[in-house]
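Dear colleague,

My notes on what was found in it follow directly after.

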Amino acid sequence: MARVLIASDKFKGSLTAAQVGAAVRAGIRRARPDAEVSVVPVADGGDGTVAAALAAGFDAVPLTASGPTGEPVLTAYARRDDLAVIEMADVSGLVRLPDGLLRPMTATSRGTGEVIAAAVAAGCRRIVLGIGGSAGTDGGAGMLEALGARLLDADGYPIGDGGAALTRVATIDLTALRELMSGVEVTVACDVDNPLTGPYGAAAVYGPQKGADPAQVAELDAALGQWAQRLAAEIGSDRRETAGAGAAGGVGFAALAVLGATLRPGIELMLDLVGFEEQVAGVDLVITGEGKLDEQTLHGKAPAGVAAAARAAGVPVVAVCGRNTLPDNTLHAAGFSAAYALTDIEPDEQRCFTAGAMLLQQLGFRIAEDHLSGGPGADAVVAEQSGGAL
């Protein structure tokens, strides 16, 4: 009996990771009814992180927290025992901006801190924080305030939300935060190595994606520099140049400097959480994927991480995707035996979005034919496909 493990990320804007897996599994089972096919949704620390944890058996804990502009949003974290998995994108992310209007100067990470605080208050002592897809560039100040930090201006008032407000920080009091977070271990899923400030920093590299024009990028970069300087005076060390400090608009910096967080590649962290090493044992084929396979895939995205882990276990890997721009030699060098794209069988990209599940079933059938030896029922399926008996 052939054993297949499907560990795909979402097809963004089209299908969740679980839907991708279900569709490919259906196609495989049409070709090989005897195959044992397991689906383990994965993510790289951005949107879909909590969904992947829930699919792996974590429990959902719903709550309301502040969105990136302060409005309440319904979100959730995933919990197993004393471990909480939190997804920044779902509370402080671009997808949570009202009407999609970008707020580069005022968007806050406060809601992320509120979710962390709720998890800690509920007894969680280990926090995994996925920080992809953030809406703001506030240096993690909002997150820290929600955890009890007091950031005050020269007149003793709270500085307000967003990166632009960081220039007003005159007093930092971390007493309540340190009490709340004492004994809590924080791990951040982070796939970038940007520093907090400078030409490769949070504002310069990611600010434009969040709506900042050149003048605002310069203002935010200066504000982050002042924030780092003030915080260094309080804690005795300056972490602005640490790799990953610029992640998520500087949330990486705050997590490193104040929460004592460890930064790990998102997909490696998620594969540990879903028990991939145990799941892949004895498997004949691994199938992974995401909406588009391109050069970015090779730099910390879920399919590349799955391919590396499967290769280490000695299991061949193929990818499914909506569109593939990687040449065969690059795919093979990254550990993929082959890639199957929706656009290979449907040139209309809009239909690939609307009929993705059906098309993925066809790709699953092809993968089974190409990579799984014939088994019980295979001849009958071939006869059915050809319209008659063999």
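Strand β5 (residues 83–87) is largely enclosed by the rest of the structure, because five of its five residues are buried; buried means under 20% relative accessible area, exposed over 50%, and partly exposed in between, with a 1.4 Å probe and protein chains only. Helices (H or I, at least four residues) and strands (E, at least two) are DSSP runs, numbered from the N terminus. Please note that this is a predicted model, in which local features need pLDDT of at least 70 and side-chain atom pairs count only at pLDDT 80 or more, while totals for chains, interfaces and linings use all residues. Residues are numbered from 1 along each chain as its sequence is written, and side-chain values use heavy atoms, with hydrogens and water left out.

Both faces of β5 are covered: Leu83, Val85 and Glu87 are buried on one side, and Ala84 and Ile86 on the other. In a regular strand the side chains alternate between the two faces of the sheet. Strand β4 (residues 72–80) runs antiparallel to β5 and is joined to it by three bridges; two strands count as paired if DSSP finds at least two bridges between them. Arg80 has Leu83 as its bridge partner in β5. The two strands form a hairpin with two residues between them, and Asp81 in the turn has a positive phi of about 55°. β5 also pairs with β6, in the parallel sense and over five bridges, with Val128 in β6 as the bridge partner of Val85.

The loop between β6 (126–130) and α5 (141–146) contains Thr137. Thr137 counts as buried because its relative accessibility is 1%. Leaving aside neighbours within four places in sequence, Thr137 is in contact (heavy atoms within 4.5 Å) with residues including Pro104, Ala203, Lys210 and Leu224. In helix α8 (residues 214–235) lies Ala218, which counts as partly exposed at 48% relative accessibility.

The largest nonpolar core has 59 residues, and Ile127, Trp227 and Leu259 have the most contacts inside it. Such a core is a set of buried Ala, Val, Leu, Ile, Met, Phe, Trp, Tyr and Cys residues joined through side-chain atoms within 4.5 Å. Helix α8 gives the most to this core, with seven residues. Apart from this core lies another, of 28 residues, among them Ala2, Ile287, Tyr340 and Cys352.

A second topic is the open sheet of five strands, whose order is β2-β1-β11-β12-β13, with parallel pairing. Its edge strands, β2 (36–39) and β13 (338–341), each pair on one side only. Within the sheet, three bridges join β1 (residues 3–6) to β11 (residues 285–293), and Leu5 stands opposite Val286 in β11.

Finally, the largest pocket is lined by 44 residues, of which Lys12, Asp44, Asp47, Gln296 and Lys301 lie nearest its centre. On a 1 Å grid over the protein atoms alone, a pocket is an open set of points where a 1.4 Å probe fits, with protein on both sides within 12 Å along at least five of seven lines; lining residues have an atom within 4 Å of a point. β11, β12, α14 (342–345) and α15 (349–354) each supply at least two residues of this lining.

With kind regards
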